[in-house]
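I'm opening my notebook on a fold that is new to me. These are my entries, in the order I looked things up.

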Amino acid sequence: MMNNELHPVLSGAESLFFKGNETGIVLCHGFNGTPQSMAYIGENLAKYGYTVSIPRLKGHGTHVKDMESSTYEEWIENLQNAHETLKQTCERVYIVGQSMGGALTLQVAFRQYVDGIFLINAAVTDVAYNEYRYENTLSMIEEGNPDIKKHAVHEITYDQVPLKAIHQLLDLMDHTKNKLKHISIPTIIFKSKIDHVVSPTNSDYIYNNISSSEKWLIELKNSYHVASMDYDAPFIVDNIHESITNLNKNRPFQIMSSSSV
């Protein structure tokens with residue numbers, strides 16, 4: 001049973017939904033993010049005609065006290081519910097997950113059938129929060145500015161995050177690693193060449209350990225961690241659209257060679 005949040009959703013942080021055709025795409029934001037961070041990707045995929053859902057994960061985009069009482073199982077459930085809802089009206093449903101959202105995407109793909117997944121700087125092995133793994137004295141951790149190369153981009157985040165939530169993130173990552181070998185669906189992995197939050201080695205680890213026969217690792221050359229809001233966002237949209245177009249026709253992936261320099 002999910003705990004209720006005690007605070008209202010911040011303006012601009014609400015879940016988003018775009019009604020389209022019979023191909024559904026669920027987008028999952030990362031730790032301390034909100035649907036706003038995935039809005040550009042979602043809006044532009046919707047322009048291609050897809051039905052797009054961007055759920056807000058519990059405790060995100062409200063108040064840090066709500067985040068403090070949230071668990072990673074609830075975050076998996078949030079994403080799972082969004083996926084199941086789209087499956088009721090769509091013939092095929094894909095999931096796109098960024099950062100912690102990538103780990104949640106892998107969890108859902110392990111638990112139920114997904115037609116294909118797209119991971120953006122997914123977190124499963126090594127993140128900047130690792131230094132707090134054995135920390136028990138602090139209750140809140142100060143957050144720096146979001147890791148975005150593009151100037152004048154505002155992401156809705158908390159200025160500090162609860163240590164309890166960081167431990168939930170680290171536990172989620174630990175529990176995701178051993179599930180990779182059970183995932184065999186089409187997978188595209190986007191990794192930023194420079195990422196100050198989630199090391200690019202996370203993406204390499206996923207690529208080397210999933211069992212998918214159709215898998216691609218694509219380097220983003222002009223984005224930092226929050227690539228969905230960075231210079232390579234249009235490139236990500238185009239690759240997702242091209243890949244889904246081919247998967248829907250049961251054709252092999254056709255991946256564009258490289259992102260903008």
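This is a predicted model: local features need pLDDT of at least 70, side-chain atom pairs count only at pLDDT 80 or more; totals for chains, interfaces and linings use all residues.

I started at Ser-99, which sits in the loop between E4 and H4. I'm using DSSP runs for these names: helices are H or I runs of at least four residues, strands are E runs of at least two, numbered from the N terminus. In general, most residues other than glycine have a negative phi. Ser-99 has 10% relative accessibility, so it counts as buried; buried means under 20% relative accessible area, exposed over 50% and partly exposed in between, with a 1.4 Å probe and protein chains only.

Residues are numbered from 1 along each chain as its sequence is written, and side-chain values use heavy atoms, with hydrogens and water left out.

Ala-152 also has a positive phi near 60 degrees. I found Ala-152 in the loop between E6 and strand E7 (160–162). Is Ala-152 buried or exposed? At 88% relative accessibility, Ala-152 counts as exposed.

Next I checked helix H4 (residues 100–111). Its 12 residues should span 16 Å at 1.5 Å a residue, and the end C-alpha atoms are 17 Å apart, which agrees; the expected span is 1.5 Å times one less than the number of residues. I see that 10 of the 12 residues of H4 are buried, so this helix is largely enclosed by the rest of the structure. Among the buried ones are Met-100, Leu-104 and Val-108. What do the buried residues of H4 pack against? My list reads strand E2 (23–28), helix H3 (72–87), strand E4 (92–98), strand E5 (116–120), helix H5 (163–177) and helix H6 (201–209). Contact here means heavy atoms within 4.5 Å.

I then ran the same length check on H3: its 16 residues should span 22 Å, and its end C-alpha atoms are 23 Å apart, which agrees. The buried residues of H3, including Trp-75 and Leu-79, pack against strand E1 (16–18), E2, strand E3 (51–54), E4, H4 and H5.

I went back to H4 and H5 as a pair. They pack at an angle of about 45 degrees, with their axes 10 Å apart; axes are lines fitted to C-alpha atoms, for helices over the stretch in contact, and angles run from 0 to 180 degrees between N-to-C directions. That makes H4 oblique to H5 (under 35 degrees is roughly parallel, over 145 roughly antiparallel, 65 to 115 roughly perpendicular, the rest oblique). Met-100 and Leu-104 are among the H4 residues that meet H5, where Leu-169 and Leu-172 are among the partners.

Of its 48 residues, Phe-31, Leu-104, Ile-117 and Ile-206 touch the most other members. H5 gives the largest share of this core, seven residues. Leaving aside neighbours within four places in sequence, I found Phe-31 in contact with residues including Trp-75, Met-100 and Leu-169. Another core, of 24 residues, lies apart from it and has Met-38 and Leu-247 among its members.

Key. A nonpolar core is a set of buried Ala, Val, Leu, Ile, Met, Phe, Trp, Tyr and Cys residues joined through side-chain atoms within 4.5 Å.
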